[in-house]
Amino acid sequence: MELQEGRKGIPSLLSSQGECIASNITQLIGWTPLIELKNIAKKDGIDARLIAKIEPYQPLSSVKDRSALRLIEDAEEKGLISPGITTLVAVTSGNLGIGVAFVAAQKGYKFIAVMPAKVGIDKQTLLRYMGVEVILVDAAKNGFKGLLDRVEQLKEEMENVYVVDQFTNPANPDAHFRWTGPEIWKDTEGKVDIFVAATGSGGTLTGTGRFFKMKNPSIKLICVEPAESAVISGGEPAYHNIQGIGPGFVPEILDTSQIDEIVTVTTEEAMDMARRLAREEGLLVGISSGANAAACLKVAAREENKGKMIVTMFSSGGERYLNSELFAQVKEECVNMNMAF
């Protein structure tokens with residue numbers, strides 16, 4: 001059976017004749033389901049369809065699995081890297097690094113992750129568990145430039161280093177043009193009116209948006225960024241706690257010409273919404289997913305958007321944020337309960 005557009009990943013196994021066994025974990029990267037947020041829409045009196053793509057269904061629970069695979073495959077296709085010889089290096093807040101980690105492990109590459117210190121301890125733990133060398137940089141002191149400087153230092157100190165750069169490499173949005181966009185288009189039967197996505201590297205919004213605009217130029221693309229660091233809106237970079245988005249600069253691969261509107265969301269709004277998604281929809285997702293959902297509600301509440309289909313991304317699973325502020329209150333409650341024993 002021929003694989004249809006928008007059906008990479010698990011559907012490719014199910015459509016095959018005979019055994020349905022993946023040859024390796026990278027074959028499972030691809031299609032994820034869409035879900036309608038009916039409980040929250042009803043409770044908030046929203047007369048629009050709120051649809052989310054559940055990226056925790058990726059092999060290692062994040063949309064960045066897609067980018068990691070395409071970034072590495074693209075380098076291989078161009079003859080830039082070789083298993084067993086090349087050391088991959090990436091600047092990451094965590095999820096891209098975890099995606100690179102499992103693809104690198106399967107393909108036989110050594111991988112070094114350069115990360116901001118004191119952010120995403122859960123992700124640092126997972127990377128070390130997977131055998132990745134993690135180098136921490138005080139980003140609060142040196143900013144994103146400090147991370148890039150450390151990468152340059154590694155390139156000078158080591159041979160055969162290849163930087164997996166999600167911020168500048170067109171292979172990142174290409175992953176979403178090839179896979180994410182076609183998946184959503186097929187599963188909604190092309191009924192998307194508005195696509196809402198927070199931007200970190202810019203890959204998801206640029207690639208998926210490019211595909212949508214090719215299919216239907218009237219689809220509205222809305223960029224979500226942290227209110228505390230609304231750089232794309234023209235503001236100044238500042239600290240915020242919505243992990244994975246709002247890096248404090250406009251990424252090179254972000255095609256701002258496609259963006260129809262920017263909606264800002266505070267860290268508090270993002271976390272409150274992530275908690276609502278867990279308790280009202282049964283969806284355990286991360287902080288940026290909460291930001292996306294909060295932005296969707298703002299957009300859906302407008303009179304002109306009644307009856308429209310608004311699609312967004314739930315980019316990662318909630319378990320990845322257990323040691324973050326998102327879980328702080330319930331974690332403290334559980335600790336206190338256990339002190340009685």
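Let's start with an open sheet of four strands, ordered β5-β4-β3-β6 and paired in parallel. This is a predicted model, where local features need pLDDT of at least 70, side-chain atom pairs count only at pLDDT 80 or more, and totals for chains, interfaces and linings use all residues. Residues are numbered from 1 along each chain as its sequence is written, and side-chain values use heavy atoms, with hydrogens and water left out.

Helices (H or I, at least four residues) and strands (E, at least two) are DSSP runs, numbered from the N terminus. Two strands pair if DSSP finds at least two bridges between them. At the edges of the sheet stand β5 (133–137) and β6, each with a single partner strand, so one side of each has no neighbour in the sheet. On average, neighbouring strands here are turned by 25 degrees against each other, direction ignored.

Further in, β3 and strand β4 (residues 110–116) run parallel and are joined by five bridges. Here A90 sits opposite A113 in β4. Helix α6 (residues 139–157) lies across β3, β4, β5 and β6, and runs at about 160 degrees to β4. Such angles run from 0 to 180 degrees between N-to-C directions, using axes that are lines fitted to C-alpha atoms, for helices over the stretch in contact. Contact means heavy atoms within 4.5 Å.

Now for helix α3. Is α3 mostly covered or mostly open? Mostly covered: eleven of its 14 residues are buried, where buried means under 20% relative accessible area, exposed over 50%, and partly exposed in between (1.4 Å probe, protein chains only). Those buried residues pack against β2, β3 (87–91), α4 (95–107), β6 (161–163) and α7 (171–187). Just after α3, G79 takes a positive phi of about 70 degrees.

Next, the insides. A nonpolar core is a set of buried Ala, Val, Leu, Ile, Met, Phe, Trp, Tyr and Cys residues joined through side-chain atoms within 4.5 Å. The largest one has 38 residues, and L50, V196, L277, I310 and F314 touch the most other members. Several elements supply at least two residues each, including β7 (194–198), α9 (267–281) and β10 (309–314). The biggest giver is α10, with nine residues. Leaving out residues up to four places away in sequence, F314 touches several others, among them L37, L277, V285 and A293. Another core, of 28 residues, lies apart from this one and includes I98, L127, A171 and W179.

Finally, the aromatic rings. Rings of Phe, Tyr and Trp (its six-membered ring) pair if their centres lie within 6.5 Å; planes under 30 degrees apart count as stacked, over 60 as edge-to-face and the rest as tilted. The whole structure has five aromatic pairs, and here are two of them.

| Pair | Centres | Planes | Type |
|---|---|---|---|
| F167 and F249 | 5.3 Å apart | 55 degrees | tilted |
| F177 and F211 | 5.9 Å apart | 75 degrees | edge-to-face |

F167 is in the loop between β6 and α7 and F249 in the loop between β8 and β9, so their pair ties together parts 82 residues apart in sequence. F167 is buried, at 11% relative accessible area, while F249 is partly exposed at 24%. The other pair links F177 in helix α7 with F211 in helix α8 (residues 203–215), 34 residues apart. F177 is partly exposed at 26% relative accessibility, and F211 is buried at 3%. Ring pairs also link F177, W185, F195, F211 and F212 into a cluster.
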